[in-house]
Amino acid sequence: MIEWAQSDASSPPDTWRSMPAYTLTQLWAKSNGLPDPGIEVERILNDIALSGHRNSNEVLAAKAKKFLISLQDRYQTFTEDAIPHLQAYLPSGTPITGRIIFALFIPAYAFTWIGNDANSIVINLTASFWQWNPDRVFNLLVHEMYHIGVAYHQMGESVTEVSTVEALLENVLWQIQNEGLATYVAYRARPEELGIEDYRLLNNSVEVRARFEMVQCLLTDLRQMDLKRIPEFQKRIWNEGIKSRAFYVVGASMARRIEENKDRSTLIRTIENGAQSFFAEFSATSPSSELRIPVI
């Protein structure tokens with residue numbers, strides 16, 4: 001696709017939809033109840049073609065190619081540092097296997113897909129989130145690679161597939177643990193100067209309390225919810241838990257408190273024992289009333 005965007009060809013390629021990065025993006029969007037991401041990719045490609053390859057998206061594709069080369073040049077050094085760090089926060093012997101594949105113009109800046117045949121991390125090279133800074137990509141790769149390690153011990157169900165209030169509650173708890181742990185482990189691996197929004201929130205006590213309140217309200221409403229409202233609540237999970245970063249910030253704050261008040265081995269055991277264990281260990285640290293989540 002990069003080569004096409006930099007060429008003089010008038011018609012967009014017709015093979016991109018079957019490429020792994022885009023087929024996985026379709027699955028990712030469906031699992032989160034989001035619109036077909038291919039519609040926007042196709043619109044952008046047609047826009048490039050109609051402008052004669054003289055617009056901002058064509059420039060993005062050209063910059064993406066240079067960005068990819070810079071990532072490839074540093075990948076070996078990254079893994080030499082990242083793998084020991086990941087292993088230090090996972091049960092002994094946990095494998096981290098999979099592939100990293102790249103896309104342009106998809107809605108997500110990155111995601112992990114756990115598959116029967118291969119685990120995949122999809123990176124959107126044109127996402128503004130990266131700011132063309134390789135450090136942001138590599139730090140996010142720590143987050144995504146950690147998901148692969150956790151998935152070896154526990155898997156969550158897609159939020160769009162749950163059909164009971166109990167299953168939806170378990171999904172929310174699993175997402176808080178899964179995203180929170182990955183955020184915290186990547187936070188511990190970050191360069192000090194790296195300005196990631198999740199870390200800014202995590203280091204701001206006012207923002208942390210606000211995200212805890214968001215999660216507390218979600219769980220309170222969920223316990224009182226009628227089955228008919230599950231689709232409506234699934235949208236709240238996306239908007240509040242994911243887009244507003246509540247699951248990431250709350251879960252990371254919980255992980256940090258468990259490690260600081262108990263020890264790392266206690267935190268690691270929650271990966272094998274599941275989300276209920278994660279919440280129980282956090283509760284056992286006696287957090288302030290503003291940070292309590294009575295879910296057990």
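In the predicted model, Leu227 sits in the loop that joins helix H8 (205-223) to H9. Apart from residues up to four places away in sequence, Leu227 touches Ser163, Thr164 and Val165. The C-alpha atom of Leu227 is separated by 36 Å from that of Phe105, a residue 122 positions away along the chain. Ser11 belongs to the loop between helix H1 (2-5) and helix H2 (20-31). With a relative accessibility of 51%, Ser11 is classed as exposed, because the cut-off for that class is over 50%.

The protein as a whole contains twelve helices and three strands. Its radius of gyration is 20 Å, close to the 19 Å given by the globule rule for 296 residues, so the protein is as compact as a globular protein of that length. The C-alpha trace spans about 65 × 50 × 40 Å along its principal axes. Of the 296 residues, 51% are buried. Among contacts with a separation of 6 or more, 70% are accounted for by residues 24 or more positions apart. The accessible surface amounts to about 14200 Å², and carbon and sulfur atoms contribute 49% of this area.

Packing between helices was examined for two pairs. Two packed helices are described by the angle between their axes and the distance between the axes. Helix H9 (residues 230-243) packs against helix H10 (residues 246-261) at an angle of about 50°, and the two axes are 4 Å apart. H9 and H10 are therefore oblique to each other. On the H9 side the contact is made by Ile237, Glu240, Gly241 and Ile242, and on the H10 side by Ala246, Phe247 and Tyr248. Sorted by class, the residues of this contact of H9 with H10 are five nonpolar, one polar and one charged.

Helix H10 also holds Ser253. At 10% relative accessibility, Ser253 counts as buried, because the limit for that class is under 20%. When neighbours within four places in sequence are left aside, the residues in contact with Ser253 are Leu202, Val208 and Phe212.

The second pair consists of helix H11 (residues 264-273) and helix H12 (residues 275-283), which pack at an angle of about 150° with their axes 6 Å apart. Angles over 145 degrees count as roughly antiparallel, and H11 and H12 are therefore placed in that class. H11 contributes Thr266, Leu267, Thr270 and Asn273 to the contact, whereas H12 contributes Ser277, Phe278 and Glu281. The contact of H11 with H12 divides by class into two nonpolar, four polar and one charged residues.

Several residues of H11 are buried, namely Thr266, Leu267, Ile268, Thr270 and Ile271. Of these, Thr266, Leu267 and Thr270 are also listed in the contact with H12. The cover over the buried residues of H11 includes helix H5 (134-151), helix H6 (165-188), H10 and H12. Just after H11, the backbone at Gly274 takes a positive phi of about 100°.

Trp132 has a positive phi of about 55°. Trp132 is located in the loop between strand E3 (120-124) and H5. The relative accessible area of Trp132 is 31%, so this residue is partly exposed. Ser286, likewise not a glycine, has a positive phi of about 55°. Ser286 lies in the segment that follows H12. At 58% relative accessibility, Ser286 counts as exposed.

Key: Residues are numbered from 1 along each chain as its sequence is written. This is a predicted model: local features need pLDDT of at least 70, side-chain atom pairs count only at pLDDT 80 or more; totals for chains, interfaces and linings use all residues. Side-chain values use heavy atoms; hydrogens and water are left out. Axes are lines fitted to C-alpha atoms, for helices over the stretch in contact, and angles run from 0 to 180 degrees between N-to-C directions. Helices (H or I, at least four residues) and strands (E, at least two) are DSSP runs, numbered from the N terminus. Angles under 35 degrees count as roughly parallel, over 145 as roughly antiparallel, 65 to 115 as roughly perpendicular and the rest as oblique. Contact means heavy atoms within 4.5 Å. Ala, Val, Leu, Ile, Met, Phe, Trp, Tyr, Cys and Pro count as nonpolar, Asp, Glu, Lys and Arg as charged, and the others, Gly among them, as polar. The radius of gyration is taken over C-alpha atoms; the globule rule is 2.2 Å times the number of residues to the power 0.38. Buried means under 20% relative accessible area, exposed over 50%, partly exposed in between (1.4 Å probe, protein chains only). Accessible areas come from the Shrake-Rupley method with a 1.4 Å probe; for residues, only the protein chains shown count as cover.
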